[in-house]
Amino acid sequence: MSGSDMGMASAVSGAAPTPPKRLFTWVDVDEHLVVLASAGRWPDWLTAADCWWDGLELTTSRVVADQEILDWLNTSFGPRSAEVREGAVHLRLDDPRSADFVGLPVAARIDELDAPPARRVPALREKAITAQLSKPLDRPTAGFSGEVQLIAFHSFKGGVGRTVHAAATADTLARRGHHVLLVDADLEAPGITWMYRSQGGQFDFCYEDLLTLLHATENGDSSSVVEIGAAYLPNQQVGRYPDSGRISVLPTGRRRTLGPPRIEPADLLTAPRSPYFLTESIAALAAGIGADIAIVDLRAGASELSAPVLLDPRVQRIFVTSLSDQSLVGTKTLIEQLLHRSPTVLGEDPPSTVIVTQYRPDVHSALVDTVCNDLAELLAGTIDTPSEGDSEESVDRGVLSHPVLSPFREELLALPSTWDGVIKVLESCRISSALDFLSSTLPSPRSAPPTATGNDVDPSVLRRRLQETAQSLIYAEKRAMASASGFLVTDPLSRLLSDHRTEPPVVLVVGAKGAGKTFLYAKACAARTWRNFAAESGIGDVHLDASIVPVLESDNLIPGAIATQDLRDEFAARLGHESSATTRDIKDHLRRALNTLGTDELAWRTVWLESLAMAAGVRPKGGDPEQLLTELANRANVVFVIDGLEDLLQSMGSEVNQTALRVLLVDVVGWLRALRGRPLGLVVFVRQDLVSRAVRQNSGQLLSRYESYALRWDKEEALRLALWVTQHADALRGTDIVSEIGDLSYDELVSALIPVWGWKMGTEKSKEARSHLWVPAALGDFNDQVQARDVVVFLSEAAKESVSYQGWEDRLLVPSAMRKALLECSTLKIEAIGQENQEVGDLLSKMQRQNQGVTVPLSREEIGLSFEEASFLVESGVFARDKEGRYWVAEIYRHGLGFGSARRARVLWR
């Protein structure tokens, strides 16, 4: 990084800027004065500075002695930088040709007129160097005319895919029914213009025409220019789109010769025009042709050709970068300058976004993770809040700063010349699917189905239904034994049943806390047989008529229409035995072994096989359990199920407990798999953290073997569950009800959820985060998991808070109620973990006792944790550790712990 780069980095961060290494001319002096002013490092007596080839003039608010000026110059420019020569202060310049002093005279004058601050404009280099440079630019006083949304694409380096992503965004929005004005503002290397010309488009009115006409206007009135442009732009369209969707193109210029434009955007930054005259005129032109969105493809680099657009906070700024170091560093530096000059106000302005392009997922996975985390934190810093203090807005920051990933595609190396040809290639590369995850708030689709179909059902009634149903499902495993039906069939369950149509399963079903292990265990028991379980799950053509025989169950399970003991006794009766062992008998057998066997793995395998035999009604009584189970296999098909291991093995810090679990998961499973024909099945529902701690070596290999059956509620599955619960509660209006929720694509799922929580966390025209991104970000941990129970708790609490609200009839859940519900979800989450995972629960309780004044990110010393304890919380998804060694706390935990937030949430993107 160069000296000037280091100075600018210091300026935007607020640290003391590094003195310049060389001062050759007045230009170097001028540059450093700007850096000092931007960093707020001017003395209180200095109001302005003017530097020229023959001297430096300082404007002061009072009489300042030469010594005071000398001290400040030597502090700011480095020791020996200033001296008094011939009765005047001089600033030393570097001249290796002479050993004599070469300096720039410094004069000071008092500003006796008390003149108003100099006019500031959205330019990278402001003409006047004043103390005001330490403050952001003045914000615009109103939104764009016609409520047009302006989106600007920029890249520090060319060739990173900026133009193709701008074109893809325009195409995507037009397909949604929007009218888009696509502006090619790259005045030096136009790309969209090239495609448009090859397509044979009209060139009646161009961007250079717009600039020239605007330059000729008086008093900042662009109405006449808008009328001229609106007369020609209807003839300048590309593509064919349904309904009202269309793209009107404003190419760069009509000239075929290459060269700089006569009028540049910076030429418009003169009084009495608005400082944001260019962006306001583009928006007015868009409104004049009936467009609701204007997309501007800007010139690459740190250019004044782009600055007037980028420095308007009302513009949605999208930066495109590759993983090249030069591209990344340049992009980050520009974003840092925006942080200082033009921050985004949360809820008022659309936030900035970065698209990372041209990487290979199989090669650059680790680098992409690091880059995305850095960019997410940096982007979150550009978001300002209208009020001070911590609030529920930290999740919004995390969602709105989500980088977008667009991997390398060979097809993009040689694009066709025409617009239609390029769009066809972009469609084949699925570029639009990457853009769908833009964190910044794209407008809602005009084609979205209306959510309010009349006043036939009071929204409060629907909200109350959702609240009551979700409340009853929070601990659904306690009532799951009542019926084998009534649950959402997820992909892992579907695969488990489909993969074992004729052969009993011998598998581990791994899931984190609250993932639904006990719930599925209970549903399997309620079905009595494997074939019935498949039928209740909608999986047909399953021929395996094996009895479900429970061995252990969770302490949280409440018997319903059938108890686990009934299942064991029924199976024993089929074999001609009077009864089977009770749950207490089996647990006592295992507890005695925990107290006596130690780490003898062979003995533990015998104990576990004895437990299976006891559950089937085959009493070992000193006999060989392997022989007994082999004989059992000749008489009946059976699928043993085990749950509640955390109740039996409460501390996985014990080597004995680790051995016991490891033998079950590896040796017993291996023995059952080795039986010819695999007549006996076993499904072990177990927490992932228990597996990792019991199987220290090759735990990853073990988990990967059963990965397809793991209960992992990712973002999409969490959204699917939210829709299922809402529909199960009969809380949707008739036209909003969907069938086959499990078959919905992601886009269909997002659309179906609009009646539940709207398109955004605010009105459709607001600049808030999109609801379907906000919810998983609020409820997820740093292992990229969203637990089913947390989704249900959230729906219950948000619905309860929404019941009393008037208005918001386009949705069930009110945005403010959703944000308020997060606190209750977090509190219940911590309480539940204390009951389910004692080790994590103890650490969370320890942190709760030391939460006075703690703000995230934090050091482990602040909350009294050892490195091992903090690492365990990282492994558990509670913490994330950044490259500075600080720890971030997932939002689902932070609120309940009572920790503050340092302006933004930490979100790890994979």
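# A walk through strands and helices

Start by selecting strand β7, residues 149-154: six of its six residues are buried, so the strand is largely enclosed by the rest of the structure. Here, buried means under 20% relative accessible area, with exposed over 50% and partly exposed in between (1.4 Å probe, protein chains only). Strands (E, at least two residues) and helices (H or I, at least four residues) are DSSP runs, numbered from the N terminus.

Before going on, know that this is a predicted model, where local features need pLDDT of at least 70, side-chain atom pairs count only at pLDDT 80 or more, and totals for chains, interfaces and linings use all residues. Residues are numbered from 1 along each chain as its sequence is written, and side-chain values use heavy atoms, leaving out hydrogens and water.

**Stop 1: around β7**

Show the side chains of β7. In a regular strand, side chains alternate between the two faces of the sheet. Gln149, Ile151 and Phe153 lie on one side of β7, Leu150, Ala152 and His154 on the other, and all are buried.

**Stop 2: a four-stranded sheet**

Next, select the open sheet with the order β17-β20-β19-β18, whose pairing is parallel. Its edge strands, β17 (506-511) and β18 (547-552), each pair on one side only. From one strand to the next, the twist averages 20°; axes are lines fitted to C-alpha atoms, for helices over the stretch in contact, and angles run from 0 to 180 degrees between N-to-C directions.

Zoom in on β17 and β20 (residues 680-687), which are joined by six bridges. Leu508 has Val684 of β20 as its bridge partner.

Now show helix α17 (residues 517-527), which lies across β17, β18, β19 (638-642) and β20, at about 135° to β18.

**Stop 3: two helices side by side**

Finish with α20 (residues 583-596) and α21 (residues 601-615), whose axes come within 10 Å and cross at roughly 170°. That makes α20 roughly antiparallel to α21 (an angle over 145 degrees). Their contact (heavy atoms within 4.5 Å) includes Ile586 and Leu590 of α20 and Trp604 and Trp608 of α21.

Definitions and conventions:
Two strands pair if DSSP finds at least two bridges between them. Angles under 35 degrees count as roughly parallel, over 145 as roughly antiparallel, 65 to 115 as roughly perpendicular and the rest as oblique.
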